[in-house]
Amino acid sequence: MSAIPTLHTERLVLRPPVMADYPAYAAFMASDRSRMMGGPHVRWAAWGMFSSDVAMWKLYGHGALMIELRASGDCVGQVGINHGPMFPEKELGWMLYAGHEGQGFATEAGGALKDWAFETLGIDTLVSYFDPENYKSMAVSARLGGVRDSSAVPQDEGDVVYRYFAGQ
């Protein structure tokens with residue numbers, strides 16, 4: 001396994017999670033903002049998800065990166081490639097903390113990690129799973145080149161699945 005990468009975009013640094021990131025992550029997971037991800041979640045469940053995000057790097061060679069603003073160093077969310085027993089396919093996912101939506105951060109971070117995944121992991125496709133009411137994230141997916149794939153196996157019953165193809 002190679003080291004967890006740090007990716008740079010025009011406005012962002014996508015970096016490995018550290019313990020100092022956990023309080024904001026847990027607060028997000030405990031909030032109503034996590035409802036599109038099965039939440040709100042209690043603190044121990046948030047810890048399990050945070051730990052899984054880090055462990056996936058060791059187990060699969062990919063996982064989650066924190067989204068940090070280059071200008072200020074503020075951590076504004078997370079982007080990741082999820083996999084494992086709970087995910088039928090490798091999933092590109094993102095979340096932004098309150099007050100950081102609508103600025104293109106999810107699109108910028110998702111695009112950088114998607115490109116990294118296709119180049120580094122040598123895979124042909126990725127998917128994103130969405131709650132049917134998560135229109136904003138579906139719009140991000142479309143901006144990233146995702147197309148709705150109604151034949152894909154959902155993570156949870158009723159999920160909407162978008163697919164990305166290498167080389168797009």
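**View 1. Gly-61 is a partly exposed residue in a loop.** With a relative accessibility of 25%, Gly-61 falls in the partly exposed class, which lies between buried (under 20% relative accessible area) and exposed (over 50%), using a 1.4 Å probe and protein chains only. The model shown here is predicted, so local features need pLDDT of at least 70 and side-chain atom pairs count only at pLDDT 80 or more, while totals for chains, interfaces and linings use all residues. Residues are numbered from 1 along each chain as its sequence is written, and side-chain values use heavy atoms, with hydrogens and water left out. You will find Gly-61 in the loop between α2 and β3 (64–69); helices (H or I, at least four residues) and strands (E, at least two) are DSSP runs, numbered from the N terminus. Leaving aside neighbours within four places in sequence, Gly-61 is in contact (heavy atoms within 4.5 Å) with Met-56, Trp-116 and Leu-121. Gly-104, 43 residues apart from Gly-61 along the chain, has its C-alpha atom 27 Å from that of Gly-61.

**View 2. Helices α1 and α2 cross each other.** Here α1 (residues 22–30) and α2 (residues 43–60) have axes that come within 9 Å and cross at roughly 125 degrees. The axes are lines fitted to C-alpha atoms, for helices over the stretch in contact, and angles run from 0 to 180 degrees between N-to-C directions. The two helices are therefore oblique to each other, the class left over once angles under 35 degrees (roughly parallel), over 145 (roughly antiparallel) and 65 to 115 (roughly perpendicular) are set aside. On the α1 side, Tyr-22, Tyr-25, Ala-26 and Met-29 meet residues of α2, among them Trp-47 and Phe-50.

**View 3. Buried residues line one face of α1.** Which residues of α1 are buried? They are Tyr-22, Tyr-25, Ala-26, Phe-28 and Met-29. Looking down the axis of α1, these buried residues fall within an arc of 160 degrees, so they line one face of the helix; the arc is that of the directions from the helix axis to the C-beta atoms. Their cover includes α2, β4 (75–82) and β5 (91–96).

**View 4. Arg-15 is a buried residue in strand β2.** Arg-15 belongs to β2 (residues 12–15) and has a relative accessible area of 14%. Met-66 lies 51 residues from Arg-15 in sequence, yet their C-alpha atoms are 5.3 Å apart. Not counting residues up to four places away in sequence, Arg-15 touches several residues, including Pro-5, Asp-21, Met-66 and Glu-68.
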